[in-house]
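Q: Hey, I'm new to this one. Can you walk me through a few spots?

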Amino acid sequence: MIVCFLLAILVTCAQAQDVVHLHSGDSFEGKILSTNEKWVEFNVIIDGPRGRGESRKRLPRKEIAFIDFAQSEADIAIAEGEQTADVETLRRLWVRHERYLAEANSPAGAYGVLLSEQWLASTTDQATAALHMLDKIIAGDWDETRRARAQQRRLKALVLTGRSEEAAEAATSLLEKTTDPLVTVEARQVLGYAAFDALRELVEAHPRWMEDDEIFPQRNALFHEAIDHFLFGNLFQGALREPAASGLWQVCEVYLHAKMPEKARSAAEDLLKLYPESNESNLATQLLNDASPKS
């Protein structure tokens, strides 16, 4: 039993080390101290006749093929999305790896994206922090897939921080580049929010819009633009249940703003029928209950 326990400790220690791999095929275990364009400096683990020790090494960047950064099995599961983690755990992992964001194999960007997603899902108070983090990942992460995911999440951060015009521009740019269904749906939703915001501002500024020959077509164009963008997920990517349900609820909101309660109720009924387990189902139920005649 004692032998097994000691072996487990040794395995854990081995897994906790960074590993530097050289183009020559050699590798060194240790702890990365710093990296730049010319050098990688680290403490290397040396097994000698008197036991295990450390020695500081400085290797030219051109000799290094890649670095395996130390992670526990739990950390790897978190980075790969196989295990959830709370905000504090993600923040700790981000702080530990952030300075190696640009290094190939670094998991920093994975933790950063996950942390920003939790911030954006909790309260708008953290939206600015999430936006700063996502900008950092977009600018510096070595992984192209994570940079694209950060671009997608950045749309929501822009909306939550009140930068709707910039969000609409970013969404339009993404739609020109992406074929990813989820990115497309979320970008269309951002454009829906932008159109809805513009619609509300126009109607507030021109309460008699229906009598104004110039404002009337502008109002109608914005109304239909908002509806079209919000309905896109439900009509064309219904399997993406969360964003599709969110868009369908926004359709209810647009109809209510337009004083079209029958259409709003119809959209709410569709939402409950298609996405009964969604977060928006409670809102749809409340809308229908409020519309029902009281006995």
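A: The expected span of a helix is 1.5 Å times one less than its number of residues. This is a predicted model, where local features need pLDDT of at least 70, side-chain atom pairs count only at pLDDT 80 or more, and totals for chains, interfaces and linings use all residues. Residues are numbered from 1 along each chain as its sequence is written, and side-chain values use heavy atoms, leaving out hydrogens and water.

Q: OK, how many residues does helix H7 have?
A: Helix H7 (residues 164-177) has 14 residues, and from its first C-alpha to its last it reaches 20 Å, close to the 20 Å expected at 1.5 Å a residue.

Q: Which residues in H7 are buried?
A: Ala 167, Ala 168, Ala 170, Ala 171 and Leu 174. Buried means under 20% relative accessible area, exposed over 50%, partly exposed in between (1.4 Å probe, protein chains only).

Q: And what do the buried residues of H7 pack against?
A: Helix H6 (144-160) and helix H8 (181-205), with contact meaning heavy atoms within 4.5 Å.

Q: What does the face of H7 turned away from its buried side carry?
A: The exposed residues Glu 165, Glu 169, Glu 176 and Lys 177.

Q: Switching topic: where is Asn 105 found?
A: In the loop between helix H3 (87-97) and helix H4 (108-122). Asn 105 has a positive phi of about 80° although it is not a glycine.

Q: Is Lys 259 buried or exposed?
A: Lys 259 is exposed, with a relative accessible area of 72%.

Methods. Helix = DSSP H or I, 4+ residues; strand = E, 2+ residues; numbered from the N terminus.
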